[in-house]
Every structure is written in C-alpha cells, then in structure tokens.
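Please open the structure in a viewer and keep the selection panel at hand.

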Amino acid sequence: MTQPILPDRSVDGLLKQRVAAVDLDALATIEPIVSAVRAGGESALRASADSFGDLSEDGALWLEPHQLRVSLEALPYEQRERLERVAHRIVLFAEAQRASLYDVELEIAGGRAGHRLAAIETAGCYAPGGRHPLPSTVLMTALTARVAGVRQVVLASPRPTALTKAAAAIAQVDGLLCAGGAAAIAAMAYGTPPVPACDLICGPGNRYVTAAKYWVSRDVAIDMLAGPSELVVVADRNANVEWIAADLLAQAEHDTDAQPVLIALDDSLADAVRVALMRQLSTSLNAAVARVSLSRGGALLASDLDHAARCSDRLAPEHLALHLDDAAQVSGKFNHYGALFIGASAGEVLGDYGAGPNHTLPTGGTARARGGLSVLSFLRVRTWLTIEDRRAARALYEDAVWLGDAEGLQGHARSAQLRLSPEAS
C-alpha cells in the first residue's frame, strides 16, 4: 500500500525518521576501496573509477585546466552567461564574508598577543555526478575556497558533464578527477598523482561519499558529515499553499532519504498543502523518489509561533523557510538551522542555486553546533605571542609557576621561573 505523503507526525516521530549521515553498511563497503586506493595509487583509483563508469567520455581520469576551458568555451552563450552570473554572486558573498574577518592584536603585560588568519594550502572539492550532476556544487565549493585564499583547489566528480567541466573552468580549479565515491575521497585525502594530498575535503555526496569522508577524517580535515537533505517550512494561514508544496517537493526530489517538513500555524493548512503536493507530483519527473521522502517527512500543527519555533529548534534543520506574514520580525525566535529563508519570496531554491550563501549545509540536527560551508571552513586561526619587557610581564611568569606547581608539572614551573631572574638573558 502506498504510504501517505506528509503524514501527521510529532517532533519525536520526525526525529525517528531521520537517516544517519554515516551508514554502517556503507562504511563497511567503502573501507576496502579507500584502503586499496591509499595503497595502490593511480592504478587502484583508475580500476575503481572504471568499474563504476566514472571516467570522462574519452576515458580520461584527470582533466587539466586547459581541457576544462575547452568545455567552457563550447557552451552556448546563454548557458555560459548564467553560470558566470551565478559564480559572480557566490564570489561576492564569499568576499564579503572574508572581508568581515580580521587579524587580531592586543597588548598584554609586557608584550603583545594576537591571531593571524591563514588559508589552508590545498582543498579537495567533491561534486556529485550520477542521476543529478551538480555544477552548482562545483561553484559553491571551489569558488569559496579560492576567495578564502586556498592556493591549490582540485575537484572530483564522476562522469563529468559539459556543465560540470565548464563550472570547474569558471572556478579555476587546478584539475578535475573523473572519479566518484570512496575512491575519489581517498585519492584527495592521501594523494594519488596527479591528485595532490588535500588538507581539507569538502562537498556533499551520497552515503558512500559521506562514509568515506568519515573514514579519512582521522587523517585530513573535512567540512562536515552531511546526511540527506532537510527542509522545514513554517507557515501561517495566509501562506501560498502552491509555493509551500513546490518548496517541499524540491527537497523531496533529492533522494528517498530526504525529509521535508511542514509546521503549520493553521489547522487547515496541512490538508491544503497535501492537495497541492498531489497535483504537483502528477507532473513531476522525480515523483517516484519524492513520494518516498514525502512519506518520511511530515506535518505538525503548532499552537502558536513560539511553539513552532521550539519544534523547529528541536529539529535544527538544514534549511528553514518562514512563510509568514511577519517573517522578518519574528525570524529571531528561531535559533537552530543551517540556512534561513525569510519570507515566502525567498524560496529555498535560491539558496541551492547561487543567490550568494553556500548550499553545503549541516544536516541531522548538527546545525545546533555548526554552520555551513563558508570561507571560514578554509581558514586557520593561528595565534602568536611576544614578550618585550620581562619585568612588566612578571605576573604572567608568576602565575605560570603557580599553575605548573599546582598541576604537578615541574618542568613547566621551572621554565617560567627561570625567566623571573633579573639577570636572565
């Protein structure tokens, strides 16, 4: 029997329906692949890519920047113009983020201390291929890394389409690995010439990509362990049900594990949205997938706005959309989300497709503790300290001596004590 779409659920019920980002079966599947690529290098990487049909049309495993440029120049003018326009908006937002971050310096007793922001040297960006290739992810990840100041940016994407290769050229990546899944993640983590070993690996992927990122995270940094896509729409009685349905369906078509949720402030709204969903599903090319994820999601009725905010905060969704008359005024009531879309006109799809903010976001409730991909993901905060007047810094040394003794670390205490001597050079 067909499961109902957007069934009535409680918050607890919705949390139970979530699919974990790291799947144990997927982890068992990817371990031998990662190990083989790490040990066997290019031959093992090519064998894996070939077995999954990941290679470029001409059989190439690695595409150089000049080859990517050919794809960009071959695009119809309108397609190239749109890609470049989206890229420009992503860059502008990332540049504004970077400009808001400063090195810090302050005076301390006897000297100065501070921090310096420095980009990592090499980033590996993953963009899904397969059923729905995502050139938008190429732009979101690689351009953000470039704006942050990353010197070397590489991309991995299986069976790259012309748009994917053109987007890679626009993002000025240093090369495209035509491989996907665990093999691609392993190649970027450990280095498989010509793929360099990367300091950080970022970008969304299926459960095997996520499992591989988890596996290699003991050795390299990753952006996050992102699971299936999520959207919570909070709506009142005046909301446009067709827009709500369209937004929920847009998330539902990602994959069968996605979770679209409606928090309604009116008891008739959920039924109206279900009717609109059925109507839109009848013409959707991805209806089979969307129906499954719409049954995984659900609708719940909130007694008032504060109740709606509490429910949303417990879910801490990847995307939160406020279809409310006074969305701007009440948005501060909501505290936990990956990305917030204020007002019905700010469709979540604009976040997916390059209004500016990044679409690589935390899922599975991890938005309570972290944000999405940004220039900060590629930056290190490195602190520094200098003492120019030991006499003025006497209290610093004395406190260090005391703490060293209190913790039983005699060497620490002695190191500070020696600098208290007036004749110390």
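Select Lys213 and Asp223, which form a salt bridge whose closest N and O atoms are 2.7 Å apart. A salt bridge here is a side-chain nitrogen of Lys or Arg within 4 Å of a carboxyl oxygen of Asp or Glu. The pair links distant parts of the chain, ten residues apart: Lys213 lies in helix α8 (residues 207–216) and Asp223 in the loop between β8 (221–222) and β9. Helices (H or I, at least four residues) and strands (E, at least two) are DSSP runs, numbered from the N terminus. Lys213 counts as buried because its relative accessibility is 3%, and Asp223 is buried with a relative accessible area of 3%. The classes are buried under 20% relative accessible area, exposed over 50% and partly exposed in between, with a 1.4 Å probe and protein chains only. Side chains of opposite charge can pair when their charged atoms come close.

The model is predicted: local features need pLDDT of at least 70 and side-chain atom pairs count only at pLDDT 80 or more, whereas totals for chains, interfaces and linings use all residues. Residues are numbered from 1 along each chain as its sequence is written, and side-chain values use heavy atoms, with hydrogens and water left out.

Next select Arg237 and Asp266, whose side chains meet in a salt bridge (3.6 Å, N to O). This pair also links distant parts of the chain, 29 residues apart, with Arg237 in the loop between β9 and α9 (241–252) and Asp266 in the loop between β10 and α10 (269–281). Are Arg237 and Asp266 buried or exposed? Arg237 counts as exposed, at 64% relative accessibility, whereas Asp266 is buried, at 12% relative accessible area.

Move to helix α4 and select Glu84 and Arg80, which are four residues apart in this helix and therefore separated by about one helical turn. Their side chains meet in a salt bridge of 3.0 Å, N to O. Glu84 is partly exposed at 33% relative accessibility, and Arg80 is partly exposed with a relative accessible area of 22%.

Then select Asp8, Asp271 and Arg274, which are linked in a network of salt bridges. By the rule given above, the count comes to 20 salt bridges.

A search of the whole structure finds two cavities of 30 Å³ or more. On a 1 Å grid over the protein atoms alone, a cavity is a set of points where a 1.4 Å probe fits but cannot get out, and a pocket is an open set with protein on both sides within 12 Å along at least five of seven lines; lining residues have an atom within 4 Å of a point. Grid points are joined across faces, edges and corners, and a volume is the space filled by probe spheres set on the points.

For the largest cavity, of about 60 Å³, select the lining: Gln17, Arg18, Val19, Pro228, Ser229, Glu230, Asp257, Gln259, Arg296 and Gly364. By class this lining has two nonpolar, four polar and four charged residues. Ala, Val, Leu, Ile, Met, Phe, Trp, Tyr, Cys and Pro count as nonpolar, Asp, Glu, Lys and Arg as charged, and the others, Gly among them, as polar.

Which residues line the second largest cavity? Select Arg18, Glu230, Leu231, Val232, Gln259, Val261, Leu315 and Pro317. The elements that give two or more residues to this lining are β9 (230–235) and β10 (259–264), and β9 supplies the largest share, three residues. The second largest cavity has a volume of about 30 Å³, and its lining divides into five nonpolar, one polar and two charged residues.

Elements that give two or more residues to the lining are α4 (77–99), β13 (339–342) and α14 (348–352). The lining has 14 nonpolar, twelve polar and two charged residues.

**Last stop: the whole protein**

Finally, display the entire protein, which has 16 helices and 14 strands. Buried residues make up 51% of its 425 residues.
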